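Here is a short briefing on strand pairing and charged side-chain contacts. Take a look at the model first, then follow the points below.

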Amino acid sequence: MNGLHLIADLSGCRCEPVLLLDAARLEALCAGACARHELTVVGRLFHTFRDAAGAPAGVTGAVVLAESHLALHTWPEIAAVTLDIYVCNYSGDNSERARALFAEVTAAFAPGHRDLRAVERGRPGQPAG
């Protein structure tokens, strides 16, 4: 269960507003970035939320990786995004790939403020519990 969990709360995002509303565009960004950083995409699901008038109102999405996952949620009304990337390091150390992926996806939103956290999960050779 050894791995690296990267978490970001991004606010004041100065990207094109459509990026916070377009599930297909976010899916392409995230899946493409995972592939560029040599992480293995095994599934993905992105969903656009709609307001009372039927207009796009935010996106939630996940890319399932052989190494674990990338997940995000957008709040276009406040120009904010939460981002979560976790990679396990069972068969090899994926930490640098995860950090590079995290940097690329974070930069795409051009946030004015970033609250970033990195959590080392588990320890090599240590059983869970």
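Is Glu120 buried or exposed? At 52% relative accessibility, Glu120 counts as exposed (buried is under 20% relative accessible area, exposed over 50%, partly exposed in between, with a 1.4 Å probe and protein chains only). This is a predicted model, where local features need pLDDT of at least 70, side-chain atom pairs count only at pLDDT 80 or more, and totals for chains, interfaces and linings use all residues. Residues are numbered from 1 along each chain as its sequence is written, and side-chain values use heavy atoms, leaving out hydrogens and water.

**Salt bridges**
- The whole structure holds 7 salt bridges (a side-chain nitrogen of Lys or Arg within 4 Å of a carboxyl oxygen of Asp or Glu).
- One of them joins Arg99 and Glu120 at 3.8 Å, N to O.
- Arg99 lies in helix 2 and Glu120 in strand 6 (residues 113-121), so this pair ties together parts 21 residues apart in sequence (helices are DSSP runs of H or I with at least four residues, strands runs of E with at least two, numbered from the N terminus).
- Arg99 also meets Glu96, with the closest N and O atoms 3.0 Å apart.
- Shared partners join Glu96, Arg99 and Glu120 into one network.

**Strand pairing**
- Strand 1 (residues 3-11) and strand 5 (residues 80-88) pair in the antiparallel sense over 8 bridges (pairing requires at least two bridges found by DSSP).
- Strand 4 (residues 68-75) and strand 5 also pair in the antiparallel sense, over 8 bridges.
- In strand 5, Leu83 stands opposite Ala8, and Val87 stands opposite Ser68.
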